[in-house]
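Please prepare a short briefing on the side-chain contacts of the structure shown here, with attention to charged pairs and aromatic pairs.

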Amino acid sequence: MKKVLALLLALCLVFAFCSCGKKNDNTIEVFKDTGIEIDTSAFPEKTVLKVEAVEESCDKFTTAKKTLPKAVELFAYEITAESKGVVVQPDGSVTVNFPLPETFDNTKHDVAIYYVADDGTTELITSSVADGKIVAALNHFSTYVVVLLEKETTTETESSKVSQSVSSEETQS
């Protein structure tokens with residue numbers, strides 16, 4: 001019996017030491033200023049995440065607006081991560097929940113998320129709408145814009161990548 005207990009105690013210690021320094025386990029960090037939620041499990045502990053709304057006067061916002069002329073409304077966010085004072089990127093895909101704009105009406109609008117590169121080019125990010133949020137899996141952090149588009153102006157490419165699975169609760173709102 002003593003050997004079994006000693007073996008169990010040794011296994012507990014091994015597992016305890018193995019878990020040191022591992023990544024966070026499915027922790028969601030909520031940024032109250034923006035309403036964005038980020039799954040932090042792809043980052044080492046003590047990684048500092050920052051989410052800031054990008055002002056309309058910012059170059060990236062202005063450029064995004066020009067490259068997305070069919071947009072009814074834009075909401076831009078700069079997402080960054082730092083570990084030990086160095087900017088880092090996620091280790092794999094990270095689920096990011098963007099707030100659904102209050103002006104969104106699923107009978108009139110489609111919603112999309114675009115990545116805005118440093119040179120101003122934009123790239124449509126696959127996303128879906130669920131529980132009042134726009135959900136996207138991002139593999140790097142940078143500037144992203146949430147875009148409201150009129151339904152009749154949405155292109156086939158945008159429609160095929162943007163999944164509109166709005167719950168019946170949102171439909172009634």
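The notes below take up salt bridges and then aromatic pairs.

This is a predicted model, in which local features need pLDDT of at least 70 and side-chain atom pairs count only at pLDDT 80 or more, while totals for chains, interfaces and linings use all residues. Residues are numbered from 1 along each chain as its sequence is written, and side-chain values use heavy atoms, with hydrogens and water left out. The structure holds three salt bridges, a salt bridge being a side-chain nitrogen of Lys or Arg within 4 Å of a carboxyl oxygen of Asp or Glu. Helices (H or I, at least four residues) and strands (E, at least two) are DSSP runs, numbered from the N terminus. Buried means under 20% relative accessible area, exposed over 50%, and partly exposed in between, with a 1.4 Å probe and protein chains only.

**Salt bridges**

- Lys 133 and Glu 37 form a salt bridge whose closest N and O atoms are 3.2 Å apart; because Lys 133 lies in strand S10 (residues 133-138) and Glu 37 in strand S2 (residues 36-39), the pair ties together parts that are 96 residues apart in sequence.
- In this pair Lys 133 counts as partly exposed at 27% relative accessibility, whereas Glu 37 counts as buried at 15%.
- Asp 118 and Lys 60 meet through their side chains in a salt bridge of 3.0 Å, N to O; Asp 118 lies in the loop between strand S7 (109-116) and strand S8 (122-125) and Lys 60 in helix H2 (residues 59-67), so the pair ties together parts that are 58 residues apart in sequence.
- Asp 118 is exposed, its relative accessible area being 71%, while Lys 60 is buried at 18%.
- Lys 151 forms a salt bridge with Asp 110, with 3.2 Å between the closest N and O atoms, and this pair links distant parts of the chain, 41 residues apart, with Lys 151 in the loop between strand S11 (143-150) and helix H3 (156-161) and Asp 110 in strand S7.
- Lys 151 is partly exposed, with a relative accessible area of 36%, and Asp 110 is buried, with 11%.

**Aromatic pairs**

- Rings of Phe, Tyr and Trp (its six-membered ring) pair if their centres lie within 6.5 Å, and planes under 30 degrees apart count as stacked, over 60 as edge-to-face and the rest as tilted; by this rule the count comes to three aromatic pairs.
- One of these joins Tyr 77 and Phe 98, whose ring centres are 6.0 Å apart with planes at 45 degrees, so the pair is tilted.
- Tyr 77 lies in strand S4 (residues 71-83) and Phe 98 in strand S6 (residues 94-99), so the pair ties together parts that are 21 residues apart in sequence, and both Tyr 77 and Phe 98 are buried.
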